[in-house]
Amino acid sequence: MLNRNPLSTTQVGLSGSGRQSSLLGRENECALLDELLADIRQGVSRALVLHGEAGIGKTALLEYLIKSAADFYVVRAAGVESETELAYAGLHQFCAPFLDRLGRLPAPMRQALEIVFGLRLGSPPDRFLAGLGVLRLLSGAADERPLLCVIDDAQWLDRASVLTLAFVARRLLAEPVGIVFATRDPGEELRHFSDLEVRGLPDGDARVLLSSAVRFIPDVRVRDRILAETHGNPLALLESPRGLTAAQLAGMCSPLGEQGGAGRIEQGFVARLRALSDDERRLLVLASAEPVGDPLLLWRAANRLGIPRVAALAPETEGLVAIGERVMFRHPLVRSAVYRSAAVEQRRAAHLALAEATDRAVDPDRRAWHMAAAAAGPDEPVALELERSAGRAQSRGGLLAVAALLQRSVVLSADPVQRVRRTLSAAQASLHVGAFDRALRLLATAEAGMLDELQLAQVELLRGAIAFASSMGNAAPPLLLRAARRLEPLDVALARETYLDVWGAALFAGRLACAGALPEVSRAARSAPPPAGPEQPSDLLLGSLATLVTEGRATAAPLLRRATTAFLDEASPAQKNVRWGWMATIPSHVLWDEDSWHAINARQLQEARDAAALARLPIDLTAWAVLVAWRGDFGPADAAIAEAQAVTEATGSRLAPYAALLLAALRGREVDASTAIESATREAGAGGQGIGVQWGDWVSAILLNGLGQSERALAAARRAAEEAPQLFISGWALPELIEAAVHSGRTELAAAALEPLVEATAAGGTDWGLGIQARSRALLSEDEAAERLYQEAIERLGRTRLRPELARAHLVYGEWLRREHRRVDARGELRAAYDQFTSIGMEAFAERARRELRATGETVRRRTVETRDDLTAQERQIAHLARDGLSNPEIGARLFLSPRTVEWHLRKVFSKLGIRSRRELSSAVPTESELVPS
Ligand SMILES: Nc1ncnc2c1ncn2[C@@H]1O[C@H](COP(=O)(O)OP(=O)(O)OP(=O)(O)O)[C@@H](O)[C@H]1O
Ligand SMILES: [Mg+2]
């Protein structure tokens, strides 16, 4: 049953209306479509967007395509102009033939789809989870036969559906599935697919088509004028002569108005409507206002308006509409001509009749929508209905619809108090879907009304949230700070949460913060009223971070430890953990507490995955990748980075490449790393994201220290260390500064940096912190003191999992021994450093160690760092997951790929590694100590 979609409202040329059955002048286009089908039959998925003006022949090409795809399953759907704002309406229509397969999906995907299709209640699912479900459905359907998905009038598809379908189309790779869209305007969502612009017919074909429409045009000038003015648009060619009177055809007056393109064709239809009776026109208006194409509904409504059945006859014989199983207009332009040319009163009457004819229980949203269109002015009950529809849409995750519904409900609100409340909700919904401009406009509207104190604070909070969401730059902190202050007397819990948000925003803005910088935020947060109930992990976090900034590390240390313990507590609710995500690991950064960082991060990653919180996931993956890179596990770091990229690509979100930069710096390939660092730093600076600039300086210092470019390393490290000295990046930059300063003979600078480093590492008292402290002190010491410190550093860092830091301790110890002329001892240390660097893959540091070794008289053959193979990051990641025993569907769910595409990648992995089976993967892909937790 897949090739017959009962819900399809695709507008096709009506059969039996004597239309051209074969296409004129479309040889190239048809050849392209044939090729597309041939590819899909070969198992290569294809996505294509046909675009061009109204009437140019897109639907006709789709019909050709479908006719040529007799061996395919064909599913089709079409956007409907009046349903553009009903979330998931298009996707539901599209998936109708697959719904019996829902049961075969993994539970989370199945539930997500059931919720968006209104088949079950539940909290709004992640849009991408729904997309992944659709991907699975399509991929499953294609098991039996190649699958062709045809989506017409995509310009009218609701945005949630377009985004989901575009997501699906992007993630298909090795599948016998094709998705072809036809649209008047590709829009942002469909811009990245291969496309085919449908243009006017060549002159000769246009003539043939024109003469098929009217056998004889007496005046040759009229014919030429029609040909010239229609620019080969088939619909215009077919319709223009029909609207003309005999006198016009004979050339007595201008045949076509001044309007261009679609407008002109529509005018042609309008002219034809004039010939109809009042009842016939009213019936057409009713049909044009009814998006579903349901004949029963149409007649119920017609009954209410007293329109008799015979009213359908003339429009049907005229070929304007066909009322059969579905109500179908001859062409979308007929529908719009009918609707637009109707008087406002007539449209309202039609919508009112449709609302009354629509079952409230079965389709409350469409009913509310019709009620809204029928309202003459503000109408409180209708506004309330719309608000309720918004609530339902929200539970389907149709946030885009929520914003639209609320916005209409604002317009119809009669009660000023309700109006303000709804405006704020609409602004919030718009913020959630990334419609920042609309959200700001709504906020301005709200402000024009009477706001109470809490609402004023909400306005400010939303402004701040919009600023943070749109740039993560320096505009957000002052706005959020004002909101938090205003909220203090009104809602303590919300005020405290807002303070934590401001703190995070100010951290991001860093040195580029204009106002609302960390010290100011921290002071304000500390004087905020205490929580009303028992302290939550977030309260402890806020208290500890604020104290850290105002009082320094020593005072804050016990608080930071308490906050860390609270987040480590398995019993603390997962929800809260996800909410505070990356901020929950800040205390462990400050305390140099590697184990807590690891534990909290692993748990968050798990929770973000379980909740399919795709907006958060890249952030947690990035934090994870930073940690594992620092531990010298570059393969897993690569994998986590690739996974974060897969998610951000799929979701279209952006995140600065923090982990990738650290990894590049540690790898130490000069050109690659410095290019990446420079461009990311520039971008962060331009966006007012100070923390990105600081991060760039810190990782530059690591890179340059590895390359032995001490002076430049010193400059970068000094910049990174100067900023926000109480926090973590500055602390991490200090050992780089000390090493670079010592190497470039600026001992006084190194000595000056020692004290803050001691202070920074003492608070945590961990092997990591104290090991780094010992290593840095050693660089500034002499004789036995120096040796003792080097050994202490090696001992302490040896107890951590931060292998690069340990290797660096061996390196500087070896360098010191060589200067002490203890060549044999020096060789031992340098050899250890060299081996560790090469096994980790730290090329620059390995080279530095090799040069030192040579200076001791030992020659080392340059061993290129082991580059395992030429697997791409994604292939490597898939290989790892397969090696760990994940099945193709499981890997697919992780990476947003279909199982078949995973299989396709795996085959490439096998051939690159020269193996035949998954079992051989375990020897071909070495185990690494730290994989991304699954
Ligand atoms: N190459 C062609 N040869 C003959 N007739 C054609 C050709 N292309 C289109 N037509 C006819 O022209 C009319 C308009 O074409 P079609 O409906 O495909 O336009 P469209 O691009 O889909 O317009 P819209 O954007 O409004 O949906 C139809 O009646 C169709 O049968
Ligand atoms: Mg069309």
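Helices here are DSSP runs of H or I, at least four residues, numbered from the N terminus. This is a predicted model, so I kept in mind that local features need pLDDT of at least 70 and side-chain atom pairs count only at pLDDT 80 or more, while totals for chains, interfaces and linings use all residues. Side-chain values use heavy atoms, with hydrogens and water left out.

Next, the neighbours. Around ligand 1 I have 23 residues (a heavy atom within 4 Å), and Gly55, Lys58, Thr59, Arg184 and His331 come nearest. By class the shell holds 11 nonpolar, five polar and seven charged residues; Gly counts as polar in this scheme.

Then polar contacts (N or O pairs within 3.5 Å). Oxygen atoms of ligand 1 sit 2.7 Å from a polar backbone atom of Gly55, 2.7 Å from a side-chain N or O of Thr59 and 3.1 Å from a side-chain N or O of Arg330. The protein covers 95% of the 630 Å² of accessible area that ligand 1 has on its own (Shrake-Rupley, 1.4 Å probe).

Last, I checked helix α45 (residues 888-895). Asn888, Ile891, Gly892, Arg894 and Leu895 are buried there, meaning under 20% relative accessible area with a 1.4 Å probe, protein chains only. Seen down the axis of α45, these buried residues fall within an arc of 160°, so they line one face of the helix; the arc uses directions from the axis to the C-beta atoms.

Technical notes: Residues numbered from 1 in each chain as written. Chains lettered and ligands numbered in written order. Polar contact = N/O pair within 3.5 Å; in protein donor to acceptor, adjacent residues only side chain to side chain. Buried < 20%, exposed > 50% of the residue type's maximum accessible area, 1.4 Å probe, protein only. Helix = DSSP H or I, 4+ residues; strand = E, 2+ residues; numbered from the N terminus.
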